[in-house]
Amino acid sequence: MLPLTVQVLRDPARALRLGPDDWTTLVLEARDAGLLARLGVRLEKHGLLTEIPDAPRRHLEGMARYAAKLHTDIRTEVGFVRDALASRGIDLVLMKGAAYVAADSPAAEGRIFEDIDLLVPEPQIAAAEDALVEAGWTRPALDDHDTRYYYEWMHQIPPLMHRERGSLVDVHHNIVPRTAKPRIDADKLLTQATPTSEPGIYTLSPTDRVLHSAVHLFNDGDFTSGLRDLSDMDLMLTALGADENAAELLGGRAGDLGLTRPAYDALALCRHLFETPFPCAGDGFERRRGRITNWLLHTCFVHAVQPLTTSKGSWPNSARLALYIRGHVLKMPLHFLIPHLAYKTYRSALMKP
Amino acid sequence: MTGEASGPQRVNGREFGWSIGAFNVRVRTNLSHLRESAAFIYGRHPGAGAGTFIDFPVRVDSTDIGPRRIFRPRVTFQIGERRPLYPAPRRHAPLLLESGINWAIGMEMHGYLLLHAAVVARGDQAAVLPAPSGSGKSTLAAGLMASGWRLLADEFAVIDPATGRVHPCLKAVSLKEAAIPLMRDRLPGEVLPEVYHTVRGRIGLLRPSAASAQAIHSPARIRWVISPQFAHGQALDVQRVPRCEAFITMASNTFNYTILERRGFHVLADAMGQADTYVLSHGDLDAAIAAVDRIAADG
């Protein structure tokens with residue numbers, strides 16, 4: 001049984017057949033999934049927003065408006081980021097939400113996010129941080145453990161917040177943690193970065209954007225926004241799928257980056273949830289994973305993207321926990337992970353008010 | 001469509017729902033004192049049972065486990081999967097519910113223009129009292145309600161962009177410090193017995209009048225904008241101000257003004273385009289009430 005949010009995204013006309021209790025479920029689900037704005041924009045595109053009952057419409061319309069305003073603000077803010085980095089001769093290469101907006105990707109539809117994520121060559125990380133600090137972004141106060149976590153173990157400096165405008169910038173030098181396997185060559189991502197309609201603003205290539213979303217979801221283990229991420233991938237894969245060489249382009253690039261498994265997972269899950277029209281089922285992708293492991297993992301994925309509040313039983317919770325643990329293991333070898341988790345437990349025990 | 005004005009309607013064992021006008025709320029809780037306070041405060045509001053769209057299905061429950069549950073028990077507000085607010089002392093559950101619903105409205109309801117303002121009305125003519133906290137707007141709104149005005153809102157003025165009308169968002173009136181005994185005196189039996197000691201002082205909850213609850217589905221148009229300013233011992237001063245000046249006050253007190261961008265400007269301007277606009281400084285509630293009555297009589 002597909003979540004109601006997915007049903008309506010796939011078939012917007014379904015919204016015309018919903019009763020009051022269904023609407024309660026839909027708004028609740030979509031809110032949790034981070035898809036309320038996307039639903040609103042989707043229904044608006046199909047001319048259905050004025051056809052649904054007034055009360056739920058306020059939620060969908062309201063969040064669609066919120067997303068539109070967010071995107072306007074982000075475009076302005078991204079310009080400031082570009083200018084700051086340009087002072088050190090660093091190019092701006094955007095990823096994730098900000099990239100979707102800057103590139104006018106289909107995944108920008110009703111997309112809500114907090115941070116501006118960017119990719120910078122590893123040797124230029126310090127210079128990028130300095131440039132941003134000079135332009136008004138500030139470093140958060142971190143203790144020694146967190147500092148090590150960010151700088152040495154993970155793949156990003158801590159998020160910087162602008163002291164006046166409040167915008168958040170996440171500077172990455174790779175799309176997976178330094179400690180993770182498999183390693184990805186970030187230079188390959190940077191050399192394929194594509195320009196946008198704004199001078200000096202680049203994003204990961206359309207194919208790389210999908211692969212990044214996939215590896216982020218499937219390997220990182222955080223399924224809190226799982227349904228939203230898969231919806232993003234559905235939109236991006238649908239657009240890529242229009243090309244007759246889509247399968248070769250995606251498969252080739254995935255192989256080149258060592259991301260065939262996340263690519264396979266993305267295609268399989270999107271097909272299951274959204275019937276994403278992509279020219280191959282992904283079976284041709286080399287996955288090097290046993291059939292049973294694969295089945296187990298995919299069952300986990302499907303359960304993990306179910307809404308927690310409207311699903312019966314505890315499968316979604318269990319699945320999310322299992323994937324969270326798996327994500328940690330993939331992110332950090334055990335000799336980092338255990339001291340890290342122990343420290344986090346100790347610290348949160350201390351902080352109980 | 002919400003039901004009879006019978007108060008919170010039980011949906012199943014632990015859930016009950018009601019309308020606050022522009023929004024329907026459904027609360028799930030194990031806390032009997034919360035059920036009782038909700039039954040008191042919202043006892044005259046229309047119920048919202050199964051088959052009614054619920055804007056905010058929420059949960060307020062104890063979330064501690066182990067010894068903590070006994071010594072200084074806390075409760076948490078939850079909407080869907082999210083717990084956006086810090087836990088509160090168990091006893092403060094009714095306050096937490098009010099704050100939680102305010103949070104939910106402010107986060108999402110950008111299909112309306114949302115102002116930080118109290119709203120009272122005579123029939124379908126509303127006086128909007130835009131003001132930040134500490135201005136005395138809640139006390140003034142409560143005083144006006146006690147003297148016959150209907151209350152539409154204590155916290156959020158909810159304006160429909162399509163019509164420019166204000167829709168009731170009728171929740172408990174939040175009384176601070178001296179206003180608590182004052183309102184107990186003027187409106188016996190209408191103030192919740194509990195007084196809550198918080199970091200911002202003592203807070204009491206006043207329930208909306210029966211007349212206010214009866215008119216919960218009746219929007220009003222903005223006839224007056226009156227910015228209240230309270231200070232102890234201050235002499236009464238009522239100033240008619242240019243509408244554009246009042247517009248600035250209204251816009252500055254609109255939570256989501258910038259989200260609606262250009263449309264926000266037009267909606268707000270149209271909504272108050274026919275209003276008489278004032279600034280009301282006072283140090284005495286009754287003088288202020290009389291002043292508002294005079295403003296209404298002049299119109």
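These legends go with a set of close-up views of a predicted model.

**View 1. Helix H9 of chain B, a helix with one buried face.** Helix H9 of chain B runs over residues 285-298, which makes 14 residues in total. From first C-alpha to last it reaches 20 Å, close to the 20 Å expected at 1.5 Å a residue. Look for B:Leu285, B:Ala288, B:Ile289, B:Ala291, B:Val292, B:Ile295 and B:Ala296, which are buried. Down the axis of H9(B), these buried residues fall within an arc of 160°, so they line one face of the helix. As for what lies over the buried residues, the cover in chain B includes strands E7 (113-122), E15 (221-230), E16 (237-240) and E17 (276-282). Helices H4 (137-146) and H5 (179-186) of chain B are also part of that cover.

**View 2. The second largest pocket, with H3 of chain B in its lining.** This pocket has a volume of about 1300 Å³. It is lined by 45 residues, and the closest to its centre are B:Ser174, B:Lys176, B:Thr198, B:Arg200 and B:Ile203. Several elements of chain B give two or more residues to the lining, among them strands E6 (88-89), E12 (173-176), E13 (196-198) and E14 (201-206). H3(B) gives the most, with 5 residues.

**View 3. The largest cavity, with residues of chains A and B around its centre.** The structure holds 2 cavities of 30 Å³ or more, and the largest has a volume of about 80 Å³. Its lining counts 15 residues; nearest the centre are A:Ala33, A:Leu227, A:Val305, A:Arg320 and B:Glu81. The elements that give two or more residues to this lining are helix H2 (20-33) and helix H10 (226-240) of chain A.

**View 4. Two cysteines of chain A, A:Cys270 and A:Cys300.** Searching the whole structure turns up 0 disulfides over all chains. A disulfide is a covalent bond between the sulfur atoms of two cysteines. For A:Cys300, the closest cysteine sulfur is that of A:Cys270, 18 Å away, and that is too far for a bond. A:Cys270 itself is buried, with a relative accessible area of 0%.

View 5. Most residues other than glycine have a negative phi. You'll find A:Asp104 in the loop between helix H5 (96-102) and strand E2 (115-119) of chain A, and it is exposed, with a relative accessible area of 62%.

**View 6. B:Ser37, a buried serine in helix H1 of chain B.** Helix H1 of chain B covers residues 32-41 and includes B:Ser37. At 6% relative accessibility B:Ser37 counts as buried, because the cut-off is under 20%. Leaving out residues up to four places away in sequence, B:Ser37 touches B:Pro94 and B:Leu192.

Technical notes: Residues numbered from 1 in each chain as written. Chains lettered and ligands numbered in written order. Predicted model: local features only at pLDDT ≥ 70, side-chain atom pairs only at ≥ 80, totals over all residues. Heavy atoms only, no water. Helix = DSSP H or I, 4+ residues; strand = E, 2+ residues; numbered from the N terminus. Expected span 1.5 Å × (residues − 1). Buried < 20%, exposed > 50% of the residue type's maximum accessible area, 1.4 Å probe, protein only. Arc of directions from axis to C-beta. Contact = heavy atoms within 4.5 Å. Disulfide = S-S within 2.5 Å. 1 Å grid on protein atoms, 1.4 Å probe; cavity = no way out; pocket = protein on both sides within 12 Å on 5 of 7 lines; lining within 4 Å. Points joined across faces, edges and corners; volume = space filled by probe spheres on them.
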